Amino acid sequence: LARKPGEARIPKRKLALLLSYRGTQYHGLQRQTDESLKTIEGEMRVALAKAGAVSPENAEDLSKIGWSRSARTDKRVSAAQNIVAAKLEVEDDDVDALVKRINDELPHDIRVFDAVRVTKSFNCKQSCDRRRYAYLLPSVLLASNNEIDEAFAAVGYGPEKIEECRNAVALAKREGARPSDWQISDEAARQVASRFAACRAAPDAIARLRQFLRCYVGTRRYHNFTKNLKSSDEQAKRFILEFEAGDPRIVKDSTEWLRLEVVGQSFLLHMIRKMVAVASEASRTGRSAEDPSTLLDGLTSDAAVNLQVAPGEGLYLAAPVFDNYNKYKAQPPQKPKLEWDATHAKHDVIERFRVDVIEDGIVQGGRAEALLPWVLYLWQVRLFGFPLAVEDPIPVPNPTSGADGRLSFSPAAPAEG
């Protein structure tokens with residue numbers, strides 16, 4: 001249905017699209033300059049063009065159709081509900097038919113579940129009041145040091161291997177090279193994952209986690225929870241409304257998971273994943289037992305601390321919230337409110353995607369292999385440590401975060417934030 005050059009133009013309508021996707025196979029939502037990297041927007045651009053929603057000349061540049069997004073999810077991060085908006089060509093004003101054509105051109109892990117008319121001035125980012133994210137945390141991230149160390153030692157990755165890898169990294173750093181021989185082997189990682197599958201979170205660790213998460217509520221400076229920001233940068237200030245942890249859930253008598261949920265006005269790159277990493281590490285090791293707010297005060301003060309980043313596979317955008325738009329700008333039924341709660345006709349199908357595709361895609365029906373991203377993460381922590389304060393020792397100095405949040409190494413000086 002892509003329109004050929006010279007054909008009559010179809011009237012455009014400003015639409016908000018409710019987008020759901022499993023992000024594991026994608027390098028984030030936003031289209032990358034490297035076209036070889038698959039992104040959600042890259043797939044959407046192609047689908048919109050093939051569905052006849054945009055002209056061929058506009059398909060290459062989404063800014064020409066007023067494209068905006070309510071949240072820009074990172075690499076491997078999913079979304080149960082994300083809203084994107086654009087001026088699209090709607091033949092015969094049949095929005096449902098357009099949605100069907102778009103979905104016919106999209107891969108199975110990306111779906112458009114609804115499309116509604118919005119005001120001409122609507123911008124997803126500017127109109128969104130807050131964002132709600134969920135993180136599925138495997139209980140092994142609340143396990144004791146002994147439990148974790150024993151699992152790695154059982155497959156040949158005990159203290160001697162740790163020291164060997166640290167020495168190799170230190171040698172490569174001195175020579176100005178990029179270390180590559182510190183990773184755990186695939187087979188060993190699978191064996192560790194099988195051992196981790198039996199981990200169950202202790203009640204006191206869960207209590208410490210919940211107490212720590214509540215300390216995030218309010219306004220703090222999150223320069224240590226992202227990249228390339230200083231404590232003095234106004235952009236580092238973020239406001240968190242809620243951060244809670246649900247009860248642990250065992251999947252098919254195998255792995256155990258906790259669902260964390262955070263609500264904030266907006267979030268920085270890697271911010272939620274670092275918040276999860278800090279909270280789980282402090283709770284797991286008992287560092288937060290006495291006064292978690294003091295520990296967090298140190299990490300959100302002027303000092304620079306290089307924090308670890310929890311795997312992106314467990315994170316998904318639950319929903320953006322548009323309270324002010326819904327109250328003051330929406331004009332039902334022509335321009336309905338942007339909310340898909342339990343009373344909405346599309347709620348059940350959206351919820352099925354969230355549960356069956358996103359959450360089951362994370363826990364994989366209880367299979368131990370679902371824990372592999374967290375095995376690699378915990379091995380990284382074993383090797384390079386996890387400083388939760390400026391004075392904490394670092395076994396191998398100067399780890400720096402790469403574009404995807406994974407640690408890399410270079411002889412450069414430590415970054416500010």
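Biologist: Which residue is the bridge partner of Ala-79 in strand 10?

Modeller: The bridge partner of Ala-79 is Leu-317 in strand 10. This is a predicted model, in which local features need pLDDT of at least 70 and side-chain atom pairs count only at pLDDT 80 or more, whereas totals for chains, interfaces and linings use all residues. Residues are numbered from 1 along each chain as its sequence is written, and side-chain values use heavy atoms, with hydrogens and water left out.

Biologist: In which sense does strand 5 pair with strand 10, and over how many bridges?

Modeller: Strand 5 (residues 130-138) and strand 10 (residues 315-321) are antiparallel, with 6 bridges. Within this pairing, Tyr-133 is opposite Leu-317, and Arg-131 is opposite Pro-320. Strand 5 also runs antiparallel to strand 9 (residues 256-264), to which 8 bridges join it; there, Leu-136 faces Arg-259.

Biologist: Why does Asn-224 count as buried?

Modeller: Its relative accessibility is 1%, and therefore Asn-224 counts as buried. Asn-224 sits in the loop between strand 6 (218-221) and strand 7 (237-245).

Biologist: Which backbone oxygen does the side chain of Asn-224 reach?

Modeller: The side chain of Asn-224 reaches the backbone oxygen of Ala-303 at 2.9 Å. A polar atom of this side chain also lies 2.9 Å from the backbone nitrogen of Val-305.

Biologist: Asn-228 is in the loop between strand 6 and strand 7 as well. Why does Asn-228 count as exposed?

Modeller: Asn-228 counts as exposed because its relative accessibility is 68%. Asn-228 is not a glycine, although its phi is positive, about 60°. Lys-252, in the loop between strand 8 (249-250) and strand 9, is likewise a residue other than glycine with a positive phi, near 50°. Lys-252 counts as exposed because its relative accessibility is 68%.

Biologist: Why does Gln-211 count as partly exposed?

Modeller: Gln-211 counts as partly exposed because its relative accessibility is 32%. Gln-211 belongs to helix 8 (residues 203-214).

Biologist: How do you know that the buried residues of helix 7 are on the same side?

Modeller: The buried residues of helix 7 (residues 186-196) are Ala-188, Ala-189, Val-192, Ala-193 and Phe-196. They cover an arc of only 140° around the axis, so they lie on the same side of helix 7. The arc is that of the directions from the helix axis to the C-beta atoms. These buried residues pack against helix 5 (145-153) and helix 13 (372-384), where contact means heavy atoms within 4.5 Å.

Biologist: What makes helix 6 roughly perpendicular to helix 13?

Modeller: Helix 6 (residues 159-174) packs with helix 13 at an angle of about 75°, and their axes are 9 Å apart. That angle makes the two helices roughly perpendicular. Angles of 65 to 115 degrees carry that name, while those under 35 count as roughly parallel, those over 145 as roughly antiparallel and the rest as oblique. The axes are lines fitted to C-alpha atoms, for helices over the stretch in contact, and angles run from 0 to 180 degrees between N-to-C directions. Among the residues that meet are Lys-161 and Ile-162 in helix 6, and Trp-379 and Arg-382 in helix 13.

Technical notes: Helices (H or I, at least four residues) and strands (E, at least two) are DSSP runs, numbered from the N terminus. Buried means under 20% relative accessible area, exposed over 50%, partly exposed in between (1.4 Å probe, protein chains only). A polar contact is a pair of N or O atoms within 3.5 Å; within protein, one must be able to donate a hydrogen and the other to accept it, and residues adjacent in sequence count only if both atoms are side-chain atoms. Two strands pair if DSSP finds at least two bridges between them.
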